Amino acid sequence: MAKNNLPLKEVSIEELFDGNEKSVYEIPIYQRNYAWEKDEITALVQDIYDAYKKDASKPYYIGTLVSYHKGDRVFEIIDGQQRLTTIRILLGALGILHSSQLTYRARKKSDDTLKSIPEFDVDEKDCGIENGYKFTQSAIGDIVPNDDKEGFVFYFKSNVRIIHYQVPKDIDLNHYFEIMNSRGEQLEKHEIVKAHLMEKLDNDDERKVFNRIWECCSKMSVYTQQNLSDFNPEAVFGKTLR
């Protein structure tokens with residue numbers, strides 16, 4: 001019997017972000033905002049540095065990335081987006097150039113903030129990403145001595161590995177997404193509901209409007225209508241704004 005090849009590949013950070021072919025990793029709109037805090041980022045930098053000091057010839061496995069290949073080297077990220085965004089922030093904090101891109105599809109503020117690293121010269125910033133960058137810089141400064149910096153950068157690019165799993169093209173993505181998120185706490189139940197509702201919309205423009213209204217409705221301290229200043233509230237709620 002012929003042996004099936006699993007769509008599973010171990011890749012270094014360099015291969016992931018600066019391989020022979022330029023790739024685009026898309027964070028779909030149903031995924032949550034970047035949410036790693038100081039403790040999580042510091043722990044990751046510490047773990048990588050400890051692995052480097054223990055044996056720089058051995059790999060450090062950072063986890064799993066699950067994606068769907070849409071074609072033309074564009075990968076929609078199904079699981080691992082928090083980790084992948086942290087890797088992208090680390091690349092920026094370490095001054096590592098890369099050819100592949102990570103984008104937040106239909107979430108302009110997050111996308112612009114990520115692209116503006118390290119200057120953050122944008123009108124509206126995603127505070128989660130901006131703070132994540134500051135926490136990363138602080139962790140590197142506290143943990144990695146200056147005379148270890150060059151070796152740490154090389155180790156991070158070459159020996160930090162991630163397991164990249166590409167789901168088969170003929171898989172039911174919605175079913176896979178639901179099963180995957182029924183285990184662990186990747187997404188909250190309301191986020192799974194959001195994903196299912198957005199599935200019914202026809203295009204990215206409609207999904208963008210839906211996502212904006214959803215985010216406004218989630219802020220319970222003020223009226224939803226007040227948060228919709230970038231839209232025409234009457235177009236959503238009618239002339240009475242009810």
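Reader: Why is Val 122 called partly exposed, rather than buried or exposed?

Author: In this predicted model, Val 122 has a relative accessible area of 23%. Buried means under 20%, and exposed means over 50%. The value of 23% lies in between, so Val 122 is partly exposed.

Reader: Where is Val 122, and what does Val 122 touch?

Author: Val 122 is in the loop between α4 (108–115) and α5. Not counting residues up to four places away in sequence, Val 122 touches Asp 112, Thr 113 and Ser 116. Lys 109 is 13 residues from Val 122 in sequence, and their C-alpha atoms are 8.7 Å apart.

Reader: What makes Ile 62 count as buried?

Author: The relative accessible area of Ile 62 is 8%. The cut-off for buried is under 20%. Ile 62 is therefore buried.

Reader: Which residues are in contact with Ile 62, leaving aside neighbours within four places in sequence?

Author: They are Leu 44, Arg 83, Ile 87, Val 160, Arg 161 and Ile 162. Ile 62 itself belongs to strand β3 (residues 60–71). Ile 87 is 25 residues from Ile 62 in sequence, with 9.5 Å between their C-alpha atoms.

Reader: How do you know that Ser 12 is buried?

Author: Its relative accessibility is 6%. Buried means under 20%, so Ser 12 qualifies. Ser 12 is found in strand β1. Leaving aside neighbours within four places in sequence, its contacts are Lys 157, Ser 158, Val 160 and Arg 161.

Reader: Which residues of helix α6 are buried, and what covers them?

Author: In α6 (residues 149–159), the buried residues are Phe 152, Val 153, Tyr 155, Phe 156, Ser 158 and Asn 159. Their cover includes strands β1 (8–12), β3 and β6 (160–166). Helices α1 (13–18), α2 (38–54) and α3 (81–93) are also part of that cover.

Reader: Which residues make the contact of α2 with α5?

Author: α2 supplies Lys 38, Ile 41, Thr 42, Val 45, Gln 46 and Tyr 49. α5 supplies Gly 132, Phe 135, Thr 136, Ala 139, Ile 140 and Ile 143. By class there are 7 nonpolar, 4 polar and 1 charged residues.

Reader: How many helices and strands are in the chain, and what share of its residues is buried?

Author: The chain has 11 helices and 6 strands. Of its 242 residues, 40% count as buried. The chain exposes about 14200 Å², and carbon and sulfur atoms supply 48% of that area.

Definitions and conventions: Residues are numbered from 1 along each chain as its sequence is written. This is a predicted model: local features need pLDDT of at least 70, side-chain atom pairs count only at pLDDT 80 or more; totals for chains, interfaces and linings use all residues. Side-chain values use heavy atoms; hydrogens and water are left out. Helices (H or I, at least four residues) and strands (E, at least two) are DSSP runs, numbered from the N terminus. Buried means under 20% relative accessible area, exposed over 50%, partly exposed in between (1.4 Å probe, protein chains only). Contact means heavy atoms within 4.5 Å. Accessible areas come from the Shrake-Rupley method with a 1.4 Å probe; for residues, only the protein chains shown count as cover. Ala, Val, Leu, Ile, Met, Phe, Trp, Tyr, Cys and Pro count as nonpolar, Asp, Glu, Lys and Arg as charged, and the others, Gly among them, as polar.
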